[in-house]
Amino acid sequence: MTVQCCVCRKVRVAGEWTQNSMDASLQLSHSYCPVCLGETQAQFEAERMLMNSNMAIHAVT
Ligand SMILES: [Zn+2]
């Protein structure tokens, strides 16, 4: 089973994330590479904090 990042389409080969040069017929398991995982988590955190601050504003008004 080959793991492919669903964001940047890199594939993990022997523990290394590289640009996809694999046959498309290979079975792929979709996941995140470390870079995209970090960006996704950062974006998620930012949205969560924004939501929390909006809720805080609602709470005091
Ligand atoms: Zn990626």
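**Entry 1: Arg-9**

I started at Arg-9 and counted 13 other C-beta atoms within 10 Å, so I logged this residue as partly exposed. The model I am reading is predicted. Arg-9 sits in the loop between S1 and S2. I checked its backbone next. Phi of Arg-9 is near 70°, a positive value in a residue that is not glycine.

**Entry 2: Ala-14**

I looked for a positive phi elsewhere and found one at Ala-14, at about 55°. Ala-14 is not a glycine either. I placed Ala-14 in the loop between S2 and S3. Is Ala-14 buried or exposed? I found 5 other C-beta atoms within 10 Å, so Ala-14 is exposed. The cut-off I used for "exposed" is 12 or fewer.

**Entry 3: Arg-12**

I moved to Arg-12, which lies in strand S2. Arg-12 has 15 other C-beta atoms within 10 Å and is therefore partly exposed. Which residues does Arg-12 contact, leaving aside its neighbours within four places in sequence? I noted Val-3 and Trp-17. I also took the C-alpha to C-alpha distance from Arg-12 to Tyr-32, and it came to 10.0 Å. These two residues are 20 apart in sequence.

I looked at one pairing in detail. S1 (residues 2-5) and S2 (residues 11-13) run antiparallel and are joined by 2 bridges. I followed Gln-4 across, and its bridge partner in S2 is Val-11.

**Entry 4: the whole chain**

I counted 1 helix and 4 strands in the protein chain. From the N terminus on, I read the elements as β-β-β-β-α. How many of the 61 residues count as buried? I got 3%. I then took the contacts between residues at least 6 apart in sequence, and 54% of them join residues at least 24 apart.

**Entry 5: confidence**

The protein chain averages 86, and 84% of the residues score at least 70.

Methods: Residues are numbered from 1 along each chain as its sequence is written. This is a predicted model: local features need pLDDT of at least 70, side-chain atom pairs count only at pLDDT 80 or more; totals for chains, interfaces and linings use all residues. Two strands pair if DSSP finds at least two bridges between them. A residue is buried if 20 or more other C-beta atoms lie within 10 Å of its own, exposed if 12 or fewer, and partly exposed in between; C-beta atoms are placed from the backbone. Two residues are in contact if their C-beta atoms, placed from the backbone, lie within 7 Å. pLDDT is the predictor's confidence in each residue, from 0 to 100.
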